[in-house]
Amino acid sequence: MQLQVAPSLLSADFLHLEKDVQMLNGHADLIHLDVMDGTLVPNLSFGFSIIEPLSKVATAPLDTHLMIVHPDKYFARFAALGLRMLSFHLEAARQEGRDAGEMLREIKALGPQAGLAINPDIPVEDVFPYLEDADFILVMSVFAGFGGQAFIPETFERVRTLKAEIKRRKLPCKIEVDGGVGLSNAAALHEAGVDIVVAGSSVFKSEDPAATIAALRG
Ligand code: DX5
Ligand code: ZN
């Protein structure tokens, strides 16, 4: 299957968001939205006041990445926006002492595809118990919180390990990689087993974002 590209709006021009969404509508496979709470991750981003109006102008499917504690408080409200994909961090489930599998099933019952995200310091094997419940695993290739960070090369090994386990168990679970992805590593990530790449700065800081999206797809 062709690599899917999910540009992250975190690197877009927030004074002209509609313009960037229109561009993505015509060119992106998905639009990646990063929700941060300053607690699970050391930064704040945006919430419903941005995502609600944006969901009305976006025709490309939305992929929302929750980097917040107690993400389950908001699953229903996000799902009501008609998102295609919704992910939360395993670290957040652990902090509130909840079973991540149960949380993934909650998301699916509400409509969106359910994703489990992990930061680079979480052993990739920690998601193995949830591969039946997850529609996708979001493997962070930088520490969640900021755009524009350098890709962590160990991600390749983590993706290969995860892909091998998914194949061994013949599961439909997809792999999404997020952080520091650009033209220098997208094709190799696809080769390693990645289905979806998130790309913030490499798309929005490029001269021709639409052409960069196409080039990332390969
Ligand atoms: C980081 C976010 C990413 C970020 C990626 O915490 O989850 O989605 O926007 O940005 P780049 O592609 O610039 O690393
Ligand atoms: Zn993200």
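Arg168 and Glu165 are joined by a salt bridge in which the closest N and O atoms are 3.0 Å apart, the term standing for a side-chain nitrogen of Lys or Arg within 4 Å of a carboxyl oxygen of Asp or Glu. The model is a predicted one, in which local features need pLDDT of at least 70 and side-chain atom pairs count only at pLDDT 80 or more, while totals for chains, interfaces and linings use all residues. Residues are numbered from 1 along each chain as its sequence is written, chains are lettered from A and ligands numbered from 1 in the order in which they are written, and side-chain values use heavy atoms, with hydrogens and water left out.

Arg168 counts as exposed because its relative accessibility is 58%, whereas Glu165, at 12%, counts as buried. Those words follow the relative accessible area, with buried meaning under 20%, exposed over 50% and partly exposed in between, for a 1.4 Å probe and protein chains only.

Salt bridges that share partners also join Asp72, Arg98, Glu102 and Glu106 into one network. Within this group, the side chains of Arg98 and Glu102 meet at 2.7 Å, N to O, and Glu102 is partly exposed, with a relative accessible area of 39%. A further bridge connects Arg169 with Glu132, whose closest N and O atoms are 2.8 Å apart. That pair links distant parts of the chain, since Arg169 lies in the loop between α6 and β7 and Glu132 in the loop between β5 (113–118) and β6 (136–140), 37 residues apart. Arg169 is partly exposed at 23% relative accessibility, and Glu132 is likewise partly exposed, at 49%. A search of the whole structure finds 12 salt bridges.

Lys170 has a positive phi of about 50 degrees although it is not a glycine, and its relative accessibility of 74% makes it exposed. Most residues other than glycine have a negative phi. His70 is another non-glycine residue with a positive phi, near 50 degrees; it lies in the loop between β3 (62–67) and α3 (75–79) and, at 34% relative accessibility, counts as partly exposed.

Turning to the aromatic side chains, the structure holds five aromatic pairs, a pair being two rings of Phe, Tyr or Trp (its six-membered ring) with centres within 6.5 Å, called stacked when the planes are under 30 degrees apart, edge-to-face when over 60 and tilted for the rest. The rings of Phe48 and Tyr74 have centres 6.2 Å apart and planes at 50 degrees, so this pair is tilted. It links distant parts of the chain, Phe48 being in helix α2 (residues 48–57) and Tyr74 in the loop between β3 and α3, 26 residues apart. Phe48 is buried at 13% relative accessibility, while Tyr74 is partly exposed at 31%. Another pair, Phe151 and Phe156, is edge-to-face, with 5.5 Å from centre to centre and 65 degrees between the planes, and both of its residues are buried.

Phe48 and Tyr74 belong, together with Phe78, to one aromatic cluster. Phe48 has a charged neighbour as well, for the charged end of Arg77 sits over its ring, 3.8 Å from the centre; the criterion is that NZ of Lys or CZ of Arg is within 6 Å of the ring centre and within 35 degrees of the ring normal.

The zinc ion (ligand 2) is coordinated by His32 (NE2), Asp34 (OD), His65 (ND1) and Asp178 (OD), at 2.0 to 2.3 Å. Donors are N, O and S atoms within 2.8 Å of the metal (3.2 Å for Na, K and Ca), and water is not among the atoms, so sites may look incomplete. The angles among the six donor atoms run from 71 to 170 degrees, and the site is octahedral, a label given to six donors if opposite ones are over 155 degrees apart and all others between 65 and 115. Ideal angles for six octahedral donors are 90 or 180 degrees. Along the sequence, the donor residues are spaced H-x1-D-x30-H-x112-D. His32 lies in strand β2 (residues 31–36) and Asp178 in strand β7, so the pair ties together parts that are 146 residues apart in sequence, and both His32 and Asp178 are buried.

Definitions and conventions
Helix = DSSP H or I, 4+ residues; strand = E, 2+ residues; numbered from the N terminus. Tetrahedral: all angles 85-135°; square planar, octahedral: opposite > 155°, others 65-115°.
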